[in-house]
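Here is a short briefing for a first look at this protein. Please keep the sequence and the model open as you read.

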Amino acid sequence: MALPTPDGYRMMDENELRHLLAGLPDIVARLGGDSGSWQVREVGDGNLNLVFIVEGNNGGICVKQALPYVRLVGESWPLDLNRAFFEYRASVIQAEHCHGLVPQILHYEPTLFLIVMELLSPHIIMRRGMIDAVIYPRFVEHITDYMARSLFFTSDLALPAAQRKAMITEFCPNTDLCKITEDLIFTHPYMVHELNRWTSPQLDGWAAAWRGDDQLKLAISRLKLDFLSRAEALLHGDLHTGSIMVTPDETRVIDPEFAFVGPMAFDIGKLLGNLVLNFFSHDGHETVSHERDAYRAWVVETIHGVWHGFAQKFLDLWTRHRTGDAYPRDLLPEGSAIFAQAQNAFIEQMWTDAVRYAGASMIRRTLGLAHNADLERIEDPDRRAACEKRVLELARDLVVNAGSYASVEQVTGRARAIRERDLG
Ligand code: SR1
Ligand code: MG
């Protein structure tokens, strides 16, 4: 059974939504014309929510409503409606720090757990573009701004302790969404679980090996504790190419409903892991071998750019905005060797943790419940499984031996080596 819903909550359909929006003067002005002339369509194809696009004479909007259950699974998996509130609050905070990189929020309807936001057009979900081998020349510049600014300005490096504690308290109750991550990423793929799925029978042996791999289970359990307990910054919480909308010139990060105060490396690693997974997927999409060599090279360059750009921007923000209570200036003065040492150690630790989180994100998309279209769209199961085995081989090593990857180039070097070993 779904969770009981509060008084006044009802699931929107096209007509109810039209009626609701007609009572919001700013939205009426934005759409233009009579509400009867608006085109209202439910377009949600995600795992959790209803998503509507509404278009009028003057323009369009996007409306997202939380359902009291996981859409992907159905009413048997109840899910807290308040995720819409956390998404709304995270969006407001991120808009302060990452102007132009997140959608503009136009209205929040607390009783309906419904967010009205700008319609991003002609933007598309980045994952879809990447499956079709589309290059996004400004993505690295934009996403590294987003990551560095959203993480730095919500950390103890930038915020006084009292404000940080208030932020932790505000987002702490987003426990249902955190629990999805705790289970689906850090637990289920390593045990027998009814929600797991994989390309069968091709990967049956791999799934069984994962369940018997003590080193892997130890490493993922350590990582789960890091995720559970390290309240470092306000995370997006689900930062992958399915949560990013793009054009060749613009980037917008959407869907921060998994937001909570957690380890920064989780956001970074999740994005990197999804990009690495995309790198491996093109062997299943090529109609002629080597057809996508240039695209793979762009993906590799993007992976390098994401890490290096993030690290450089994050450290630069830290040097220029020492407004938080951590690493006090009185102890570590500007320009001192000890401050440089502190920064280097901090970023090195973040890198190693991001490598682990990247590996964990790749494993869950191959052996767990929710897979990625990058691989799922490969129709021939043998071709898909061949790509997935390469994903799993690298991912295991990233989780277990993260410390041996001193640089992002070593990660992509190993990805290339695994591929070339198999394909020449
Ligand atoms: C049951 S929700 C499955 C996944 O969808 C979201 O995109 C998150 O990644 C979540 O883990
Ligand atoms: Mg989402």
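Where is the place of P122? P122 sits in the loop between β7 (114-118) and β8 (124-125). The model is a predicted one. The protein is divided into domain 1 (14-118) and domain 2 (124-423). Ligand 1 has a shell that draws at least three residues from each of these domains.

- Most peptide bonds are trans, and most residues other than glycine have a negative phi.
- The bond that joins S121 and P122 is a cis peptide bond, with omega about 15 degrees.
- The peptide bond from S200 to P201 is also cis, and its omega is near 10 degrees.
- P201 is found in the loop between α7 and α8 (204-211).
- F113 is not a glycine, yet its phi is positive, at about 55 degrees.
- The loop that holds F113 runs between β6 (105-109) and β7.

**The two domains**

- The centres of domain 1 and domain 2, taken over C-alpha atoms, are 27 Å apart.
- Domain 1 gives 27 residues to the contact, and domain 2 gives 31 residues.
- About 2400 Å² of area is buried between domain 1 and domain 2.
- Carbon and sulfur atoms give 64% of that buried area.
- On the domain 1 side, the residues that lose the most area to domain 2 are F86, H97 and L101.
- Together, F86, H97 and L101 account for 28% of what the domain 1 side buries.

**The shell around ligand 1**

- Among the residues around ligand 1 are L48, V70, I180, L184, F258 and A370.
- H240, K270 and R364 are also among the residues around ligand 1.
- By type, the shell divides into six nonpolar, two polar and four charged residues.

- In the side chain of N47, an N or O atom is 2.6 Å from an oxygen atom of ligand 1.
- For D238, an N or O atom in the side chain is 2.8 Å from an oxygen atom of ligand 1.
- R365 has a polar side-chain atom 3.2 Å from an oxygen atom of ligand 1.
- On its own, ligand 1 has 310 Å² of accessible area, and the protein covers 94% of that area.
- Which elements give two or more residues to the shell around ligand 1? They are α7 (175-184) and α12 (337-367).

Notes: Residues are numbered from 1 along each chain as its sequence is written. Chains are lettered from A and ligands numbered from 1 in the order in which they are written. This is a predicted model: local features need pLDDT of at least 70, side-chain atom pairs count only at pLDDT 80 or more; totals for chains, interfaces and linings use all residues. Side-chain values use heavy atoms; hydrogens and water are left out. A residue is near a molecule or strand if one of its heavy atoms lies within 4 Å of it. A polar contact is a pair of N or O atoms within 3.5 Å; within protein, one must be able to donate a hydrogen and the other to accept it, and residues adjacent in sequence count only if both atoms are side-chain atoms. Accessible areas come from the Shrake-Rupley method with a 1.4 Å probe; for residues, only the protein chains shown count as cover. Helices (H or I, at least four residues) and strands (E, at least two) are DSSP runs, numbered from the N terminus. Ala, Val, Leu, Ile, Met, Phe, Trp, Tyr, Cys and Pro count as nonpolar, Asp, Glu, Lys and Arg as charged, and the others, Gly among them, as polar. Domain bounds come from an automatic or database domain assignment. Contact means heavy atoms within 4.5 Å. Buried area is the accessible area (1.4 Å probe) that two parts lose on being put together, summed over both.
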